[in-house]
Amino acid sequence: MTKLSVNINKIATLRNARGGNVPDLLQVAKDVEKFGAQGITIHPRPDERHIRYQDAYNLKSIVSTEYNIEGNPMDNFTKMVLEIKPTQVTLVPDAVDAITSNAGWDTVKHKDYLKDIISEFKRNGIRTSIFVDPTLKMIEGAAETGTDRIELYTEEFAKQYSLGNKEAVKPYTECALLANKLNLGINAGHDLSLENIKFFKKNIPNLLEVSIGHALICEALYHGLEKVISEYLKKLG
Ligand SMILES: CC(=O)[C@@H](O)[C@H](O)COP(=O)(O)O
Ligand SMILES: NCC(=O)COP(=O)(O)O
């Protein structure tokens, strides 16, 4: 079974646009779980433009499924994760000013750094995952860091799939086969959507979890729009 972890960054983006508490991030997290999702993902960024560090702490007592916190393990991020002790931390090598995640780790170049930080999280009972591009060398390197899982960075697959290029899943399948051999658990994320998720899952042996945010929230808006507009029209009629 592949678990669905819903990334709620976009809910925080919307809330922050007006400065109040609408939509209520904690209530959304509860509802996402009530509707069947098996996890909540957040990816706080240094400028706190969507998820704030305080949200990460507040969610700790709210999330009753799997709590996944993603980010670059800079000092304040690491301190926060060690205090919260979520189910899983996903390490992403973001630049401070990145608009969104745009690359996986170079697990060869940063092996010693990753080894140290991963062992600290694991000593604290936190499952670890590292964000990687779909290349065999990076999967081999990941296995040497001691991480429990990898998260396959799926932006390129999603882009190519939307252009009709289904072959683009091949490197992901090959990496998944290698990860299975090396006893690495497999997560995946970035730009996965209702359009591409079924095909992706079918081609990834033992896909444990996907984290989906941007597309899922956009799809929820589109699917809800007709209903909400008709309710307004009834009240105005
Ligand atoms: C690692 C990853 O692909 C997602 O966490 C993504 O980076 C979400 O972050 P934003 O919501 O800031 O785009
Ligand atoms: N780890 C990926 C994630 O949390 C969501 O990415 P996206 O669906 O917002 O692109």
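Reader: What makes histidine 214 part of a helix, and which one is it?

Author: Histidine 214 is found in helix α10, residues 214-236, where a helix is a DSSP run of H or I with at least four residues, a strand is a run of E with at least two, and both are numbered from the N terminus. This is a predicted model, in which local features need pLDDT of at least 70, side-chain atom pairs count only at pLDDT 80 or more, and totals for chains, interfaces and linings use all residues. Residues are numbered from 1 along each chain as its sequence is written, while chains are lettered from A and ligands numbered from 1 in the order in which they are written.

Reader: Why is histidine 214 called partly exposed?

Author: A residue is buried if 20 or more other C-beta atoms lie within 10 Å of its own, exposed if 12 or fewer, and partly exposed in between, with C-beta atoms placed from the backbone. Histidine 214 has 16 C-beta neighbours inside 10 Å, and therefore counts as partly exposed.

Reader: Which residues does histidine 214 touch, not counting residues up to four places away in sequence?

Author: Histidine 214 touches Lys10 and Asp191 on that count, contact being defined as C-beta atoms, placed from the backbone, that lie within 7 Å.

Reader: Where does UniProt place the feature "binding site"?

Author: The unreviewed UniProt entry places "binding site" at Asn7, Arg18, Asp191, Gly213 and His214. These positions are spread over 208 residues of sequence and also spread in space, up to 25.9 Å between C-alpha atoms. UniProt positions are given in the numbering used here, with feature names shortened, and annotations may be inferred rather than shown by experiment.

Reader: Why does asparagine 7 count as buried?

Author: Asparagine 7 has 26 C-beta neighbours inside 10 Å, and so counts as buried. This residue is found in strand β1, residues 3-7, and, not counting residues up to four places away in sequence, asparagine 7 touches Thr41, Ile42, His43, Ser211, Ile212 and Gly213.

Reader: How many residues surround ligand 2, and which are the closest?

Author: There are 14 residues surrounding ligand 2, and the closest are Asn7, Gly189, Ser211, Gly213 and His214; a residue is near a molecule if its C-beta atom, placed from the backbone, lies within 6 Å of it. Both β8 (207-212) and α10 supply at least two residues of this shell.

Reader: What makes the "active site" positions a cluster in space?

Author: The unreviewed UniProt entry places "active site" at His43, Glu70 and His190. Although these are spread over 148 residues of sequence, the largest C-alpha distance is 12.1 Å, and they cluster in space.

Reader: How do you know whether glutamate 70 is buried or exposed?

Author: Glutamate 70 has 28 other C-beta atoms within 10 Å, and is therefore buried. Glutamate 70 is found in strand β3, residues 66-71, and, leaving aside neighbours within four places in sequence, is in contact with Thr41, His43, Thr90 and Val92.

Reader: Why does histidine 190 count as buried?

Author: Histidine 190 has 25 C-beta neighbours inside 10 Å, so this residue counts as buried, and histidine 190 lies in the loop between β7 (185-189) and α9 (197-202).

Reader: Why is arginine 49 called partly exposed?

Author: Arginine 49 has 13 other C-beta atoms within 10 Å, and is therefore partly exposed. Arginine 49 lies in the loop between β2 (39-42) and α3 (53-60).

Notes. Two residues are in contact if their C-beta atoms, placed from the backbone, lie within 7 Å.
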